[in-house]
Structure formats: structure tokens, C-alpha cells
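Open your viewer, get the selection box ready, and follow along. We'll go from whole chains down to single residues and back out again.

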Amino acid sequence: MKKSHIFALVVIAAAIGIIIANTGDASTYVSFDQAYQMASNGNTTKLHVVGDLKKDANGNIVGIEKSADKLSFSFILVDENQKEQKVYYNEPMPPDFTRSEKVVVIGSYQNNSFVASKILLKCPSKYQEEKINTSSL
Amino acid sequence: MHYFIGDLGHLFIILSFVTSLISVFAYWKTIYSTDSLREPWRKNARVAFYTHLVAVLGVVVCLFVIIYQHYFEYHYAYSHSSRQLPAQYMVSCFWEGQEGSFLLWIFWQALIGIVLIHTQKKWEAPVMVVFSLVQAFLASMILGVVIPFLDLKLGSSPFILLRDAIDDPIFSIQPDFIPKDGSGLNPLLQNYWMVIHPPTLFLGFALTLVPFAFCMAGLWQKQYAEWIKPALPWTLLGAGILGLGILMGGYWAYETLNFGGYWNWDPVENAVYVPWLIMIASIHTMIVYKNSQTALKSSVILTIAVFVLILYSTFLTRSGILGDASVHSFTDLGLSGQLLIYLLFFTVAAIVLAIVRWKHIPSSQKEITVYSREFWIFIGATLLCFTGFQVIYPTSYPVINEMGSWVGLDLRLAVPGDRQVQYYSRFQIWFGVLIALGSGTAQFFWWRKIDKHSLTKELLYPFLISLIVFAVIISLGRIYKPAYMALTLAGVYLIVSNLKVLFAVSKVNKSLSGGAVAHIGVGLMLIGIMFSAGYSQVVSLNNTGMLISKDLPTEFNRDNLLLFIHETRTMAGYEIEYLGERVKPNGINGYVSKNHIDLTTDPYKVVATQDIYFKDKKILNARDTFAINPENTFYEVELRKDGKVAAVLFPRVQINPAMGGFVASPDIERHAGRDLYTHVSLPMSREEEPEWSELTEERVHLNQPFFVNDYVAVLEEVVRIHEIDGFKLDEEDVAVKAKIKVTGERDEYYAEPVFLIRNKSQVGRIPSEINDLGVKITLLNIHPDSGEFSLGVNTRQKDWVIIKAIEMPLINVLWLGTGVLMVGFTVAMVRRFKDFRKENNS
């Protein structure tokens, strides 16, 4: 074997190593049921759950509770399987939270509550407007 | 409606597309025609490319006129600008949208193309074929033309009208409707770094095309090795500019965004970081080739890889495939198909060309030994590639998920969002260590022939000095984490070894010192990153212990601090006090309390109610009218240490409903050794009506002290007035105004409620509010018999703000290292350009 072949093998091995190490540690998008299952099996990895905020019949968001000092809050998220879950978050409520179309929570179950360590908001209106402000006529 | 300017702009776009294609064809003919026809074809090609440049400039001017003149009938002006936007940020509107940023890219490449036409005699034709072809692809992205019969839309034009872009009922009623104002520029981009960062970054992008074009031209024209010489100085320039652009982006993020740092491993950042790493690797292999005729094949591979990665990152950030994975990629314009074709075309063409020519590329038969400089450079380049691969692989998860779904795999991979930084950095740290150790050592091999015996002699002193410096740093900085220790040692070693080389080399010839200087910069950056990122800490920890739910585990601790106005709290050895909301007068260095301004009918103009001082300097006179940006509120926060004022910070909040609401930017207290970084997490909403307590009544004489919300108050006088807010009262109306002084913690405030009898029977009461103290006082009644006055007092929760503060040690070492790295790049680039010119002239 030539040196260059050995080198090529080492490179391929290292690349596969990087792929395996990263994939093995990657998070996945799951539903609340799957997340609960994993937590009760002793798996404490943080997971991504995508969902919508719970709304009443009139389209108003319901279930948001702020702590007395406003430094944390909780809300109800409905995942893709329509399962509702109360989610706790230890940061103040972002002001554009109620405007977001989709919410991604990253966290895990602790006892029976889902504690998010991070929230990603998907605000449709953030960079592209769909309606024109005609009030300035 | 201004149809002409948009039609003209669109015409220029089509012209730029067509001329780039003509240029491709004419340069092609320059290569493949008989000798007599060569020069005429070259002339045609040049005319085509110059016309292309003029057309591109025309597009730029038209788009700028539309933005600058506020032609809101155009979608681009409407969605990226507004009437109140300061002129310097109009430039930022230009590249806020996808189309404008493509345009910027096209503009730079057109300029570079002209430079190449006039400097590369031998290379002009083949290089410009590649160049013009890339220009054609880019121009097609903003073409905005629907191909008939196929019903295929090619590109997205920046000149589309609002009514064509947005489906709004108003246009069916009134097709000529023009909005009075645009929706404005994203407040995050209203920052001077956003004026210079995108042009720098796109110049960097554009420059990556130059080495690629030379490489393609070399393979195509069978000049397998000759392309290196002209390509090398351009690669150095490109890597320098691209690196500068990336770091400017980081600095902008540090100053403007509130994630608490300068680098977040966001896909958009990764997408430029990886090509830059590979570009650095390609510089190294090119230099090796120039010195020892090895590593030519690796140079070809790496040069192609850089350009393909730039195309790939363009695809990632602009096709919308990142979706949930990134918060700030561009919106999808339906260009994904076109972007994919662009990516695949050049990837496949380059790979096919390289494979066809592969056997002919000369390679050295020299055995590479561990003691040769080639070996070390080669290892370094390989490590850089791995470093890039570890980043680009997870960044591509959305692509991998998509591709998995084609074969029925439900992968759903995601980079863990809560530890995104750690996910990358735990690998990147060790790559950084290896690269620093490797390039520190390689320097010795580079400048001298070294064998087993001289190696220990050469390395001994640098290594000993590094160990001593390292020991001092870790004991002073208390660094005990193995990874951080390793990075510190590697960084110090890189600096020390390159300092030794620098001294030796600059004795011989200063122009050769670029490499050593650049490496010292990298060493400084590594140490700065290690400290500022590894040892940054949240100092605003909440210790009240008030939790939202008893079900939660105890580690539910919080990083934010709730501050009530004028209530001092302690934080990380500081006493911290919130002093109130401020506005910033445009063009004046200073801030004005919202208590000291009167609003006018124009939200952008306010009047000072008293002389305004900032840092003991008078900045405004009473009754001065001055301009502000009403979107911005600054929250004055004072930090004291041992009773003395250590810092006064003004973190900013921008409220822009059109842009999704609320944007907080930090204020940074800079010290040589560390930065204290503070931003608002949640401001008090002024839109919600506050909850007032029940009214309590106080019966007082003039000058008799009483308490409101625990503050001492005195009714100083009651006077008759004849007008209220400029509104003149009738003769028989009676109005009196009470003046009540309330002594707060720092200031004295006056409440001036009004009691009014109109038409002899109607009683009106206008209460007066003191925002800072959270009190509202009403003059309820006057008792002439006893000389007393009845005052009604309501109180509410005092003004508050929630902040987060982070301490970043030694971040200045990172910025210093960046500067040193850029100096190194410049020195090296100047040398290589001179080299090239010397040869070209001989």
C-alpha cells in the first residue's frame, strides 16, 4: 500500500467518525408522547417538539400564566398529534410570543411537566408582510 | 405611479443577463477561432462585458432611486424602507432583501471582472468565460421573467410592483393605490455595521470566484500549474476580505443581537465559516506548490471545493430549506430550483473537468517525510478540512432529512437547539488546538531545513517560553478545564513560535513576515475566544426564589433580574439601579429622560421641558425642539461599586409592530480586561393600562407634608389658570391648578392636577401622573371655609424593567487578534501581487 492510500483510509475513517459522533448526539423532532416515553425510560436528552399555542373557539390564545415576578411563564402547546401539554419556561415571556404561528420547544419532561430550556418562535410576519397597512390612507 | 424607473431597471437586468451570455460566447470564440479572428472576438467580448457592467450599475441606480425617492408602489421600497429611515440606512435597505443582495454580489463580480480583463493578458479569455457564466447565473436570479409556454418563472425581480407582489383587496378596488409609508427596515439592521458588513462579505464571496476561474481555466487550457501564480494573491485577498466580513458580522451580532455573544453557530454563520476555512487550506497548499512543486492536486481540489461550498451555502440560506433551523435566513422566493441548478451545474462541470484532466496534472514523486515542511502544511490543510466538515455536516441536517425522505427514511435530525454552541464547540476546540500546535511547529520547518537533531534545539526555547507564559495565564485566569487549558497552551505556543520566526524573517526581508503575523493573530484570537466564550458568566442571577410552580425541580433558576425604578439591587459585586426610560436625540451624544420631554403632533419631534444635561454637559436648552426615533427607548441602568458609579448603561429596546414587535439590543461597558454586557429581556408595556389602586383621599393645607406611595409630598400652591394645554377657557369658567412636589429617591417631581368648573355647574378633574413613582394625583375638592384641599391619590406598581447581564473576560484579545490577522493577510497579499506583476512584466 502506498502512503497516499493509507492517508485516504485515515481521512475516510475520520470523516465517518465525525458523522457518527455528530449524528449520535443529534436531537430529533418528536411528539409529546414520544418525549414522555423517553423521559420515563430514564433518557434525559433534550428534544424538539413543534406545536401551536392553544386557542379557544374565537382564536384567542389561552393558558398562558406568568409568574408573580414576570421572570418565567408557562403556556399550553398543542403538538402535531393534537396532544396538549403545559410547558414551563424560565425566561420572561418574549413580547412577540403570542404573535407566533409555530413554536418549537426544546427541553424534556421533568416529572409530569415539560420544562423548556429554549423556545424558538416562527413569526410569519417578521420579515415578509402579507397584508398592507392601509390605515395611512 | 412611477412606472418608468422600474421598467428601466428591469430592462437593465435583462441587458445585464444577455450581455453576460454574449460575453461567454465571444470569449469562447476568442479561444476557439483562427488567429486572425481572435483579436476581433476579444474586442467584442470586452465590449459585451463592459456593457454588462454598465447594465449592472444601471440596475443598482434604478433600485436606489426607488428606495431613496420612497416609491412605495414598488414592493422592494415598501417592504424594506420607510419615510423616516435615516439616509445612511437606506443603503442597508438595498441589501436587506434577497434580490438586492444578489445584486450586490453581481456588482462586485462585474468590477473584479473588469480588473481581470486589464491585468491578465494570457488568462483573460478562459477566465472570463467562467466569470461571465457565473454572472449569467446570478443575473438570472433577479431576472423576473416568465418563460412563455413553459409557464416557468425565472428569478425574482426587485422591480415588481406592490400590487403584483401582495394580494390585497385594496388593489381590486383601487389599482393605483400607493401606501403612504413603507413598512420600514428591520430594526436590527439599523446599525452602522450593517452598512459595511454585507458589502464586505459579498466582496469576499465574489473574490472566491477568482481562484476558481483561474483553476478552471488552467485545467481547461492545460496550464495545469501555471494558474497558481495569478490565483494566489487573489485567494489571499479573498480570504482576508471574507474573514473580515465574517468577523464584522460577529461584531455586529455582539453589539446588536441579544444572544450574549458574537458567534452562535447559526446555519447562516456556518455557511460562510466553512468555505473560509477551506480557502485558508487552499492558500497553504498553493504556497507549498510554489515552493516545492508538490500539492498541486490538493490545490485543485480545495479551490474547487471553496467555490462549490459558496454555492452550497447560497443554496442553504436562500432556498428556504433551513426552515425551522435558522432564525435569520432569507425568506423563500421560489428560487430553490434555480439555485439548485446553479449549484449542480458548477459542481458537476468542475468535477468532470478535473476528472478528465486528472492524469495530466503533474504530481511530485518525492517521498514526503515527517521532517519536511510539506508534510506539516499538508496535515494542517487536512485538519482545516475536517474542521469545516464537522460544521457543515450538522448544518446540512435539513438537507439530509429531506434526502432521507426521498428514500422513505424518517430521520428528523436536528442540532440540539439548547446547546447549539456546545454541539459545535466541543469539537472545534480540539481542532483549534491541533491546528495551532501544528502550525506553530510547521513554521520552523518552513524557514529552515530541519532534521531530528536540530528539531529539539529549535523547539526547546519556544516550548519552554510557552510553558512559562501558559502557567502564568492559567494560574491568573484560574483555568482548570482540560480543553481550555489545551487551547490556551496551543494559542500561546502559536504566538511564541511565530514571534521567533517573525524576528528572524523580518531581519532578512520584512515583506516575508505576512505568514508569521497572520498566525500570531490567530493565536491571539484563540485565546480571546477561549476566555470570552468559555468564561463568560451571567451576573444577573435572580435570587428571589419566586417560582411559577411548586411542581418544578429546584434547579429552575433564572438568569434575569427584575428591577423596579430607583430600587437598588445587588449583582455580581455591583449595586445596580434602574433610573428610567430615556430617548436619544438624533445627532446628539447623550440621552434625555422621558420625564423631561413634551410630545408634539409629529412622533419624530419632541420638545425639551427644561435644560438637559448629560454627563454634566448641557446638550439642549429648555423649549428646544429636537428629533428622535420614537421606536427606540433606552433604559438607563446605573452600576455602582463601593458607592461609586462604575458604569451607566443604556440598553435599547425598539418597538416596531410591522417587524414583529420587540427588539432588544445590548449596551456594553468596555474595560481592557472584560466587557460587561447588559440587555433588556422584557420592558414594561405602555399599551396595557396599568392597574391602579383604589383612590385614597388626603385633606391637606398648603405646605403640609403628606405621603403618597411612601414618598413625601407637599402641596406648594394652587393657582387659577386661564388655559389648559393651549385651549383657552371662557370668562365664566373657573380652573385651578395645584402644584404638588413629591420627593423621590433621586429627583423631585411635580404633579399638577387641574380642577375645573365649566358653565357654572359641570365639574371636571384632570389628574396628573408621575410615571417614575407610580402615582396619580387628582385635585378632588377645594374647601374655602377651612383653607384645605382634598387630593385623591392612586398608586400602581412602580416602573420596572427586566434585564440580563453577562460578563465577558478578555474579549478585546479576540478583536486585537482579528486586527493582527488582517495585517498579516495584507502583508502576504502585497508580496504575492508584487511577485505576479514582476513576472507579468518580464
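Start by selecting chain B: of its 842 residues, 46% are buried. Keep in mind as you look around that this is a predicted model. Taken along the principal axes, the C-alpha atoms of chain B fill a box of roughly 115 × 70 × 55 Å. Colour by secondary structure and you'll find 20 helices and 32 strands in chain B. Now think about contacts in chain B between residues with a separation of 6 or more: 68% of them join residues 24 or more positions apart.

**Stop 1: the domains of chain B**

Domain 1 is residues 1–190, domain 2 is 450–535 plus 811–842, domain 3 is 561–686 plus 802–806, and domain 4 is 696–796. How many residues of domain 3 of chain B are in contact with domain 4 of chain B? There are 4 on the domain 3 side, in contact with 5 residues of domain 4 of chain B. On that touching side of domain 3 of chain B, 1 residue is nonpolar, 3 are polar and none is charged.

**Stop 2**

Select residues 35–68 of chain B. This is helix α2, with 34 residues, and from its first C-alpha to its last it reaches 50 Å, close to the 50 Å expected at 1.5 Å a residue.

**Stop 3**

Before you click on anything, a bit of background: most residues other than glycine have a negative phi. Now select His70(B), in the loop between α2 and α3 of chain B. Its phi is positive, near 55 degrees, in a residue other than glycine. Is His70(B) buried or exposed? With 20 other C-beta atoms within 10 Å, His70(B) is buried, because 20 or more is what it takes to count as buried.

Then jump to Asp642(B), in the loop between β14 (632–641) and β15 (644–649) of chain B. Asp642(B) also isn't glycine and has a positive phi, near 50 degrees. Its surroundings are another story: Asp642(B) has 8 C-beta neighbours inside 10 Å, so it counts as exposed.

**Stop 2: over to chain A**

Select chain A, where 26% of the 137 residues are buried. Chain A has 2 helices and 7 strands, and from the N terminus on they run α-β-α-β-β-β-β-β-β. Of the chain A contacts with a separation of 6 or more, 45% are between residues 24 or more positions apart.

Zoom in on helix α1, residues 3–24 of chain A. Its 22 residues should span 32 Å at 1.5 Å a residue, and its end C-alpha atoms are 31 Å apart, which agrees. Why does α1(A) lie largely in the open? Because, of its 22 residues, the number buried is 1.

**Stop 3: strands side by side**

Staying in chain A, select β6 (residues 102–110) and β7. These strands run antiparallel and are joined by 9 bridges. One pair to click on is Lys102(A) with its bridge partner in β7(A), Lys122(A). The hairpin of β6(A) and β7(A) has 2 residues between the strands, and there Asn111(A) takes a positive phi near 55 degrees.

Strand β5(A) runs parallel to β7 (residues 113–122) of chain A, with 3 bridges between them. To see one, select Tyr88(A) and its bridge partner Val115(A) in β7(A).

**Last stop: the cores**

One more general idea: in soluble globular proteins, nonpolar side chains tend to be buried together. The largest nonpolar core here has 213 residues, and the ones touching the most other members are Met128(B), Leu207(B), Ala213(B) and Ile278(B). Select Ile278(B) and look for residues it touches, including Leu302(B), Val306(B), Leu384(B) and Gly388(B). Finally, find a second, separate core of 17 residues, which includes Phe32(A), Ala35(A), Leu47(A) and Phe75(A).

Terms used:
Residues are numbered from 1 along each chain as its sequence is written. Chains are lettered from A and ligands numbered from 1 in the order in which they are written. This is a predicted model: local features need pLDDT of at least 70, side-chain atom pairs count only at pLDDT 80 or more; totals for chains, interfaces and linings use all residues. Helices (H or I, at least four residues) and strands (E, at least two) are DSSP runs, numbered from the N terminus. A residue is buried if 20 or more other C-beta atoms lie within 10 Å of its own, exposed if 12 or fewer, and partly exposed in between; C-beta atoms are placed from the backbone. Two residues are in contact if their C-beta atoms, placed from the backbone, lie within 7 Å. Domain bounds come from an automatic or database domain assignment. Ala, Val, Leu, Ile, Met, Phe, Trp, Tyr, Cys and Pro count as nonpolar, Asp, Glu, Lys and Arg as charged, and the others, Gly among them, as polar. Two strands pair if DSSP finds at least two bridges between them. The expected span of a helix is 1.5 Å times one less than its number of residues. A nonpolar core is a set of buried Ala, Val, Leu, Ile, Met, Phe, Trp, Tyr and Cys residues joined through C-beta atoms within 7 Å. Lists of a residue's contacts leave out its neighbours within four places in sequence.
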